Amino acid sequence: MYVAVKGGERAIEASWRLLDKSRRGDTRLAELSVGQIREQLRLSVARVMTEGSVYDEDLAALAIKQAAGDLVEAIFLLRAYRTTLPRFGYTQPLDSEAMVVERRISATFKDLPGGQLLGATYDYTQRLLDFSLMADAQANGGDAADASHGATAAAAAAQRVALSHAKPESMPRVVSLLNKEGLIEQEKSAPGAAEPGDLTREPLSFPANRATRLQNLARGDEGFLLAMGYATQRGYANSHPFAGEIRFGSVSVEMELDELGETVEIGEIDITECQMINQFAGSREVPPTFTQGYGLAFGHSERKAMAMALVDRALRAEELGETLASPTQDIEFMLSHSDNVEASGFVQHLKLPHYVDFQAELELVRRLRAQHAAQVGDTEQATEATQATSAAEPAQTPQTRQPANGHDQQEQAA
Amino acid sequence: MNAPDPQLDGAPFDRAAEGYNFAYLDEQTKRMIRRSLLKAVAVPGYQVPFASREMPLPFGWGTGGIQVTAAIIGRDDTLKVIDQGSDETTNAVNIRRFFARTTGVKTTRRTSEATIVQTRHRIPETPLTDKQILVYQVPMPEPLFRLEPRTAETKKLHALADYGLISVKLYEDIVHHGGIATTYDYPVIVNERYLTSPSPIPKFDNPKMHMNAALQLFGAGRERRIHAIPPYTRVRSLDFDDHPFEIQRWEHACALCGSRESFLDEMIVDDEGTRMFVCSDSDYCHDRREQQTGDAGESGEPDVAVKRAEGESA
């Protein structure tokens, strides 16, 4: 019976072996390659990169493989790797107007400069299980899929080139079109504004400004943001959102290199950007105008970007002078609970032994129960005594029963 | 930025993990943590924010304590890690292995041999010396969080030393239960100023914090806070004149070493619910049994002792 606290070392090693085995599953089936995960589970990869806060498709795919598909665990793996990486510096702000779009939709204007581009989306699929995928997978087998990996990558690259040729023009954002009319708030940073902080280098503290909030939300759990964003639509801080624009595509990342004294493109990344347009009633100083909620995610992550935009807008309640009525507008509540690496760790730490605390509680509950029993015993004796003395007067009976009932209830509550 | 400490360069640490810096964290991060530690020591009991990193162990599983230990550990240190008082619980084993892998330092199970003791939920029974540092893993560093969850608010309460809330809570306990019903994570006032969480140690351990010779450091990774109790600092457990602070007492003695002074863990040893009480501090219990048998060599197997104890009771 001492096993629970002994032999931890061997148990841990055995658990590692079992984990490897269960991750691999049936060895008669071909093993998944990281390349297959990167190419065929691209949406999982996008989520892991976004919340893991590192843009690296291969590492994200590796993390997914190692975590046996548990995305929150994969995000944790990537974060724990990220924390050891040196910080070279900060890139220039991304110019998402210069995005090579693969998909771009607006729910506010039927047509707009640059047009709408449906692209690859599950939106208009009919959610019927496609049994042909099952058949294909069986026919192909693992090796065939591996061999064709290079070809699909090449095809994807070719497609991208074709797209970039097809859309050379810059695509102004819907928001900047509205801006010309002065209908929407300006989102330009003031010339002398302070540099945004870096949430991964400085502790989160409150009150948090918008730049910090957006960093937190970008790393935040998709499920949490989805639920909270949904809540804002159902009246918990409603502010009439319209999907001004959702775009997905690749943008170039530029960095100023001190040695060269100029800005150099260091690569391209895929991002999904969402700008929600919300009403704002205006105030004494500001005429009624549209306001924005902003969402940004790595890879193709529309649900995340949209939910983030809804939450971002809800969290601006205080700065816009709106009534704070819901947890979705409470900056500290939202930012403290959005991170799934933190949340998952703390929820699951309850698996760790708490023998000592529990023992302390046991001792207390036993003592309180003993005291309680003693008290009940005393009052019962007292009640019996009063019953005996007042037995001659039947009208007293209901009154004498009352305290006894009260004690019954107390006992149940305890 | 990530350059290894020059003093450590070239000194091979045998089993240290390749590709990682000594004690996992890069030197810049360690310096950041040390700055927070210095501030924490300078203002006893005050929670200092620090830029907690993601660690390869989950938040809530000791990342704060691990970061503090990583920031202060050197090649000549000897590390002991306990969880619930025991060196053998899986999480203690895991953290000890982590440091053995990333630093190659000596580890020990003996409280008296350790220069750094990292702990979760206990203070060792063996008194510590001024050559030792006790590092606590802290889940919720804010002693007021159950009464006021917003840190923006609790910051103000600490600044004003406005601790009425907690006194009311303890008073309500007395009204409801006839006594203070807090048994662990029992709030203390450090150096007559800051209300401080002792981490979820049982209140049994609270008196050990008072005027302790060792430096006590508290790391909360997920909540990004560090606080400290310097050596020989006054630590007062909250109470009232007519309801003085009390610690837990057992009717039983430890079934293995017979101690009546140590904190006991309760175990259920058969289907009938028979209980056995054993020291929570495994090293203390082991030491006492070693002294009793006078056999310095072999008696490191509590299993044997358990069987003996069971045999005696049967």
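In chain B, strand S2 (residues 78-83) and strand S3 pair in the parallel sense over two bridges; two strands count as paired if DSSP finds at least two bridges between them. Within this pairing, B:Thr78 stands opposite B:Lys106 of S3(B). The model is a predicted one, in which local features need pLDDT of at least 70 and side-chain atom pairs count only at pLDDT 80 or more, while totals for chains, interfaces and linings use all residues. Residues are numbered from 1 along each chain as its sequence is written, and chains are lettered from A and ligands numbered from 1 in the order in which they are written.

S2 and S3 belong to an open sheet of seven strands in chain B, ordered S1-S9-S8-S5-S4-S2-S3, with mixed pairing. Its edge strands, S1 (48-49) and S3 (106-107), each pair on one side only. Helix H2 (residues 63-72) of chain B packs on the sheet and touches S4, S5, S8 and S9; contact requires C-beta atoms, placed from the backbone, within 7 Å. The direction of H2(B) makes about 150 degrees with that of S5(B), where angles run from 0 to 180 degrees between N-to-C directions of axes fitted to C-alpha atoms, for helices over the stretch in contact.

Chain B has eight helices and twelve strands, which are DSSP runs (H or I, at least four residues; E, at least two) numbered from the N terminus.

In chain A, twelve of the 13 residues of helix H11 are buried, so the helix is largely enclosed by the rest of the structure. Buried means that 20 or more other C-beta atoms, placed from the backbone, lie within 10 Å of a residue's own.

Notes:
Two residues are in contact if their C-beta atoms, placed from the backbone, lie within 7 Å.
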